[in-house]
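Hi,

Here is the model I said I would pass on.

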Amino acid sequence: DQEGLDAAIASEVPRAHLQEYQDRFYGMREAIKAESFPAWLALNRPYPFAVEALRSVADTAFIVSSKDRKTIVETLTASGITPRGVYDFSYAPSKLATLNRLRGELGISLDGAVFLDDNIEHLLETQASGVRPVLASWGYVSREQEERARTAHMAIATPANLRALLAIDGA
């Protein structure tokens with residue numbers, strides 16, 4: 001599970017090595033993107049059903065991600081999506097901290113706002129903020145994560161029900 005992996009890495013890998021890895025990883029990714037962004041994008045396509053759903057709510061959507069903002073914006077732009085805001089790991093130390101900072105800086109209410117994530121730990125962390133946590137079941141989500149979401153009374157998004165969970169088109 002992700003929590004166990006993160007704990008193992010934190011306890012066994014010196015911080016300097018993690019920073020070096022991160023610098024090399026992002027440097028290589030940027031080099032590949034610079035050489036051929038269309039080829040890079042073809043290897044990193046967003047799910048078509050998610051693109052369509054996000055297009056429908058983009059004017060009210062805030063993207064809060066542990067990925068870097070530049071890559072997120074480039075990927076969304078290539079898909080014709082301009083969300084209200086994109087916030088990455090540099091904005092705040094956690095997704096909960098990001099939500100709280102957005103609430104304070106923009107004066108927005110999080111009560112009932114859908115918070116869609118594919119990491120159960122992020123959802124559990126943010127649950128007390130007033131958001132409606134929804135587990136994205138596609139990608140790397142395990143059965144254990146789905147069970148934890150059910151136990152916590154969270155909705156589980158699928159390609160078939162995503163639009164309804166986002167309340168698009170009155171669904």
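A quick word on terms before the residues: I call a residue buried under 20% relative accessible area, exposed over 50%, and partly exposed in between (1.4 Å probe, protein chains only). Bear in mind that this is a predicted model, where local features need pLDDT of at least 70, side-chain atom pairs count only at pLDDT 80 or more, and totals for chains, interfaces and linings use all residues. Residues are numbered from 1 along each chain as its sequence is written, and side-chain values use heavy atoms, with hydrogens and water left out.

Aromatics to begin with. Rings of Phe, Tyr and Trp (its six-membered ring) pair if their centres lie within 6.5 Å; planes under 30 degrees apart are stacked, over 60 edge-to-face, and the rest tilted. There are nine aromatic pairs in the structure. In one of them, Y47 and W138 have ring centres 6.4 Å apart and planes at 65°, so they sit edge-to-face. This pair ties together distant parts of the chain, 91 residues apart: Y47 is in the loop between α3 (37–43) and α4 (48–57), and W138 is in the loop between β4 (132–136) and α8 (143–151). (Helices, H or I of at least four residues, and strands, E of at least two, are DSSP runs numbered from the N terminus.) Y47 is partly exposed at 39%, while W138 is buried at 14%.

W138 also pairs edge-to-face with F49, at 4.9 Å centre to centre and 85° between the planes. F49 comes out as partly exposed, at 23%. Elsewhere, Y21, F25, Y26 and F89 make up one aromatic cluster.

Two charges sit over rings, meaning NZ of Lys or CZ of Arg within 6 Å of the ring centre and within 35 degrees of the ring normal. K33 is over the face of W40 at 5.1 Å from the ring centre, and R101 is over the face of Y91 at 3.9 Å.

Now for helix α5 (residues 69–78): its buried residues are T71, I72, T75 and L76. They span an arc of only 125° around the axis (taken from the directions from the helix axis to the C-beta atoms), which puts them on the same side of α5. Just after α5, G80 has a positive phi of about 75°.

Cheers
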